[in-house]
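Work through the exercises below with the model open. Try each task before reading its solution.

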Amino acid sequence: MYTENHNEQVEINVLKKLLRTTNNKRMHIRYQVILLHYRGYTNVHIS
């Protein structure tokens with residue numbers, strides 16, 4: 001259980017870093033969608 005939570009946190013941190021460093025608007029939006037999904041938002045709320 002700890003490793004799943006830890007791995008998820010690592011992935012979230014990677015996504016946050018990618019959001020800050022990308023210059024591509026399309027990829028920025030995709031990273032945001034994935035991050036919102038990890039935070040528990042539904043597809044309806046994200047769209």
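**Exercise 1: The core**

Task: Which five residues form the largest nonpolar core, in this predicted model?

Solution: The largest nonpolar core consists of Ile 12, Leu 15, Leu 19, Tyr 31 and Leu 35. Next, assign elements. Helix 1 and helix 2 (25-38) each give two or more residues to this core. Helix 1 gives the most, with three residues.

**Exercise 2: The fold**

Task: How many helices and strands does the protein chain have?

Solution: Count the elements. The protein chain has three helices and zero strands. Then read along the sequence. The pattern is α-α-α.

**Exercise 3: The charged patch**

Task: Which residues form a positive surface patch? Is Lys 16 buried, partly exposed or exposed?

Solution: Start with the members. Lys 16, Lys 17, Arg 20 and Arg 39 form a positive surface patch. Now classify Lys 16. Its relative accessibility is 32%. Buried requires under 20%, and exposed requires over 50%. Lys 16 therefore counts as partly exposed, because its value is 32%.

**Exercise 4: Extent and surface**

Task: What box do the C-alpha atoms fill, and what percentage of the residues is buried?

Solution: Take the principal axes. Along them, the C-alpha atoms of the protein chain fill a box of roughly 35 × 25 × 10 Å. Turn to burial. Of the 47 residues in the protein chain, 11% are buried. Finish with the surface. The accessible surface of the protein chain is about 4,300 Å². Carbon and sulfur atoms account for 53% of that surface.

Key
Residues numbered from 1 in each chain as written. Predicted model: local features only at pLDDT ≥ 70, side-chain atom pairs only at ≥ 80, totals over all residues. Heavy atoms only, no water. Patch = residues over 30% accessible without salt bridge, like charges linked within 9 Å, V, L, I, M, F, W, Y side chains within 5 Å. Areas by Shrake-Rupley, 256 points an atom, 1.4 Å probe, with all protein chains shown as cover. Salt bridge = Lys/Arg side-chain N within 4 Å of Asp/Glu carboxyl O. Lys, Arg positive; Asp, Glu negative; His and termini not counted. Charge placed at Lys NZ, Arg CZ, Asp CG, Glu CD. Buried < 20%, exposed > 50% of the residue type's maximum accessible area, 1.4 Å probe, protein only. Core = buried A, V, L, I, M, F, W, Y, C linked by side-chain atoms within 4.5 Å. Helix = DSSP H or I, 4+ residues; strand = E, 2+ residues; numbered from the N terminus.
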